[in-house]
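Please look through the structure shown here before reading on.

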Amino acid sequence: MSDTRVSIKDSILDLLDAGSDGAAHPAPPSSYFMSSIETMAMSVFEKSRALTGWLEAQALDPHSGPDCVLALGLLLTIEGKVNPRPVYEHFDYPDDHDH
C-alpha cells in the first residue's frame, strides 16, 4: 500500500489554487527582498532544535528558504490562535515614518 500522505505545503498550494477562482496570483517581490526574508526565516529554525524537529515533522526542509518562510507563517498562525491579540477598534498607529 502506497503512502498517500500529502505534505502540508502541497495542501496549502492546492487550497490557494482552489480559492483563487482562476485569478492570477500576485507576482512575488524582488529576489533580493525574498532572499533576505528566507535567510531570516531559516535562522529562526537554525537556533532551535525543537523548532527544527517540528519543521521536519511537517515534511518541510530546514535548509529550504521557502519551506522555512511557510513554517514561520504556520507558527505565527498557530500562536495567534492559541494566544489571540486584542483587537482595538479605534486605534490609529502613529504616523512616525516622516521623521
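**How the helices pack**

The axes of H3 and helix H4 (residues 65–82) come within 11 Å and cross at roughly 105°, where axes are lines fitted to C-alpha atoms, for helices over the stretch in contact, and angles run from 0 to 180 degrees between N-to-C directions. This is a predicted model, in which local features need pLDDT of at least 70 and side-chain atom pairs count only at pLDDT 80 or more, while totals for chains, interfaces and linings use all residues. Residues are numbered from 1 along each chain as its sequence is written, and side-chain values use heavy atoms, with hydrogens and water left out.

**H3 with H4**
- H3 and H4 are therefore roughly perpendicular to each other, a term for angles of 65 to 115 degrees; helices are DSSP runs (H or I, at least four residues) numbered from the N terminus.
- Leu51, Trp54 and Leu55 in H3 are in contact (heavy atoms within 4.5 Å) with Asp67, Cys68, Ala71, Leu74, Leu75 and Ile78 in H4.
- The residues of this contact of H3 with H4 comprise eight nonpolar, no polar and one charged, where Ala, Val, Leu, Ile, Met, Phe, Trp, Tyr, Cys and Pro count as nonpolar, Asp, Glu, Lys and Arg as charged, and the others, Gly among them, as polar.

**H2 with H3**
- Helix H2 (residues 31–46) packs against helix H3 (residues 49–57) at an angle of about 110°, with their axes 6 Å apart, and H2 and H3 are therefore roughly perpendicular.
- Val44, Phe45 and Glu46 in H2 meet Leu51, Thr52 and Leu55 in H3, and the residues of this contact divide into four nonpolar, one polar and one charged.

- H1 and H4 pack at an angle of about 80°, their axes being 11 Å apart, which makes H1 roughly perpendicular to H4.
- On the H1 side the contact is made by Ile8, Lys9 and Ile12, and on the H4 side by Asp67, Leu70 and Leu74.
- Asp67 and Lys9 also join their side chains in a salt bridge (2.9 Å, N to O), defined as a side-chain nitrogen of Lys or Arg within 4 Å of a carboxyl oxygen of Asp or Glu.
- Asp67 lies in helix H4 and Lys9 in helix H1, so the pair ties together parts that are 58 residues apart in sequence.

Technical notes
Helix = DSSP H or I, 4+ residues; strand = E, 2+ residues; numbered from the N terminus. Parallel < 35°, antiparallel > 145°, perpendicular 65-115°, else oblique.
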